[in-house]
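Here is a friendly briefing on the links and cores of a protein model. Please take a look at the structure first.

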Amino acid sequence: SGYPQSCSNEGEEVQLAGLGIGGTQNFKCFKCICQNGIVKCSGNCPPIDDCYMLDDKTNGTCCRKCKGCIFRGIPYESGAEWNDPEDPCRTYKCMATVVTETVQKCYSQCDDNQQQPPRPGECCPTCQGCTINGQTVAEGQEVVPSIDDRCLVCQCGGNQLTCSKKTCPILLCPKSKQKQHPDECCPRCQEHRELLSVPGKCFFNKQLHYEKMQFMPDRCTNCTCLNGTSVCQRATCPILECAPEFQEEDGCCPRCAVAEVRSECSLEGVIYRNNETWNMGPCRSCRCNGGTIRCSEMRCPAVKCRANEELKLPPGECCHRCVETAGTCTVFGDPHFRTFDGRFFSFQGSCKYLLAADCLGHTFHIRLTNEGRSTQHASWAKTVTLKLRNLRVNLGQRLRVKVNGTRVILPYVGMAGGQNVTIERLPDGGAVMLRSEMGLTLEWDGAGFLQVTVPAQYKQRLCGLCGNFNGSARDDLTGRDGRSHSDDEVWHFANSWKVGGPKSCSRLRDNIAVLPTCDKRLSSFYCHPLSVSQLFGECNERLNSENYIAACRMDVCECPSGSCHCDSFAAYAHECQRLGVELPDWRAATNCPAGWRRNATTLASYLNNSYYGDSSFTRFRRRGRKQQHKQHRLRKQHLQHLQDQELRKKQDPSRRRGQKGEHNQVLDKEFSRKHPHSQLHPRAPDRTPPPLH
């Protein structure tokens, strides 16, 4: 239980001990990285779900391990596999205090002129060239030559294919606790147990065996208890060329029954001749073998991608693999920026700036024009200009689009240096999307939200406000002169990427020292929906919302439209959806239509919405405004009364002269009453005569 820990160095490893987190956890047992602004941790321990005997955990160790084996005085970890140094065909495998000894069987499907003798230290011959049934096997990849016998496995190494079959390891758990997966060779234990081990004795299938005692778990396996390890021998069954329907049991292993050998095969009405091969997709290929169809299948390894990678299935390939993710830079609100490498910063300049550009190949550049919207300190993105080879695209307010200076009607299809460029409205109509054949995309909502995506091939080639896209967020605030800036020097960094002259600025001078101030209760009210679990709760564990909440609080301080908080909602929701998180209709719930569709609103538009924050402060604001109106009305009435008196005096001059002295006396008495010690009394004349000269 707890809350996600925030972080800022996107993609980098995080040391938990340096975060000041308390508790008794051993931080060395976890590897943590900063991903989407949240510390993501994973244990470094191997899986133990199918281990039937766990080892005792000692102090200072991180992981519970499956109990290993001792064979000929040498300890082996559970899962270890090794060959006999004198007989490479004899193999051993340790699984939870049980060592399985067997002799592997070799298999070859290549012609005699392609077959190579076994390499030193290996058992089986190899085939020159890694192909099976006409299908190429990648270096290091494994393939099952026959899906009818998944214990027969081939592997490509050094452009040579080696195929062999081994028996399944003996399991410690009883048969009732074993499960066979359809695409695997051997069964697994369904659960793990913490069993008390007895030194010098072997525990096997609910029974305890003493040192050197022999026992048979089944009629095909012989075991001996040695040094607390059950050493078992089991024969590897021969490789059969017939289909399962033509096999019969023969003691411990099946055998091929007598069957008619034909010279052709039939599959879905198609006839194949003997030894003819064909593909059944990127993962499977087949061969006609004496009237029987034998199909091979690629084995895909388990893959775990890093923070800056994603799992994808390339076209025409069988297995998923990790590929570097595209870089995404986001601009929203009073402009807030999330760079390609994940760094956040805010910058309220009101001029034109280089947002992103290919600074090595000069294939494209994107310029962003900000507008102050008659505010003193805030600004918003007004237009976006993309220069892509011979094409110049301008994305303006209210989704207006110009290409090479001429306004176009969407959808639009054009060419830029021989590559296709398309511009279209998204299905919901709230934004336009520009896609180029080179992989560059721009999404613009016509009111200030912009997202730029570049393919991984542009890593370490970019510059501008969106950063250099080198996988590290630390140096994203690098100016045009190559100098890296701190968070306190954002204005110096951003102004180094200014383009255009003074006419491109909407304010004569930007005040970089003054930040807008506002009522914290007001910003808390507007930005509260970002913390509501019914709206964005599914995403809070995937994406840190603190940066978006801080952006929202800043935007509502000086907002000319009354709905600036919606920009932060839209940016957070967009990033959540990019991460694959499904969200409810948050726009309807928060009364935040798409940017270009919004009209000017007031605080009253959101007061009755339960998703927003505490609105009790508005009562005091209304009470204060009423008091101000009352005082203003009294002052106005008093002023009107004085004006009426003055008017009557002007209309009666004789009365004015007669009352002038009386009026002055009244004023003097009033002044003396209010200021008793401040009266100026006339001084008596100086009685000393002046000196004679």
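The notes below cover salt bridges, disulfides and nonpolar cores.

This is a predicted model, in which local features need pLDDT of at least 70 and side-chain atom pairs count only at pLDDT 80 or more, while totals for chains, interfaces and linings use all residues. Residues are numbered from 1 along each chain as its sequence is written, and side-chain values use heavy atoms, with hydrogens and water left out.

**Salt bridges**

- The count comes to 22 salt bridges, a salt bridge being a side-chain nitrogen of Lys or Arg within 4 Å of a carboxyl oxygen of Asp or Glu.
- Arg90 pairs with Glu101 in one of them, with 3.0 Å between the closest N and O atoms. This pair links distant parts of the chain, eleven residues apart: Arg90 sits in strand E7 (residues 90–95) and Glu101 in strand E8 (residues 98–103). Helices (H or I, at least four residues) and strands (E, at least two) are DSSP runs, numbered from the N terminus.
- Arg90 is partly exposed at 27% relative accessibility, whereas Glu101 is buried at 14%. Here buried means under 20% relative accessible area, exposed over 50% and partly exposed in between, with a 1.4 Å probe and protein chains only.
- Asp87 joins Arg90 and Glu101 in a network of salt bridges.
- Arg299 and Glu142 form a salt bridge at 3.6 Å, N to O. The two are 157 residues apart, with Arg299 in strand E30 (residues 292–299) and Glu142 in strand E14 (residues 142–144).
- Arg299 is partly exposed, with a relative accessible area of 37%, and Glu142 is partly exposed at 28%.
- Lys165 and Asp149 meet in a salt bridge at 2.9 Å, N to O. Lys165 lies in strand E16 (residues 160–165) and Asp149 in the loop between E14 and strand E15 (152–157), so the pair ties together parts 16 residues apart in sequence. Both Lys165 and Asp149 are buried.

**Disulfides**

- The whole structure holds 28 disulfides, a disulfide being a pair of cysteine sulfur atoms within 2.5 Å.
- Cys154 and Cys163 are joined with an S to S distance of 1.9 Å. Their link is right-handed, with 110° about the S-S bond, and both cysteines, Cys154 and Cys163, are buried.
- Cys329 and Cys466 have sulfur atoms 2.0 Å apart in their disulfide. The torsion about their S-S bond is about -75°, so the link is left-handed. Cys329 is in strand E33 (residues 327–332) and Cys466 in the loop between strand E47 (462–463) and helix H1 (490–495), 137 residues apart. Both Cys329 and Cys466 are buried.
- Cys359 bonds to Cys463, S to S 1.5 Å. The pair spans 104 residues, from the loop between E36 and strand E37 (364–371), which holds Cys359, to strand E47, which holds Cys463.
- Cys359 is partly exposed at 31% relative accessible area, while Cys463 is buried at 11%.

**Nonpolar cores**

- The largest nonpolar core has 52 residues, among which Leu355, Phe364 and Leu442 touch the most other members. Strand E36 (residues 352–358) supplies the largest share of this core, five residues. A nonpolar core is a set of buried Ala, Val, Leu, Ile, Met, Phe, Trp, Tyr and Cys residues joined through side-chain atoms within 4.5 Å.
- Leaving aside residues up to four places away in sequence, Phe364 touches residues including Ala356, Leu386, Met438, Val454 and Tyr458; contact means heavy atoms within 4.5 Å.
- A second, separate core of 34 residues includes Val532, Leu535, Ala573 and Val581.
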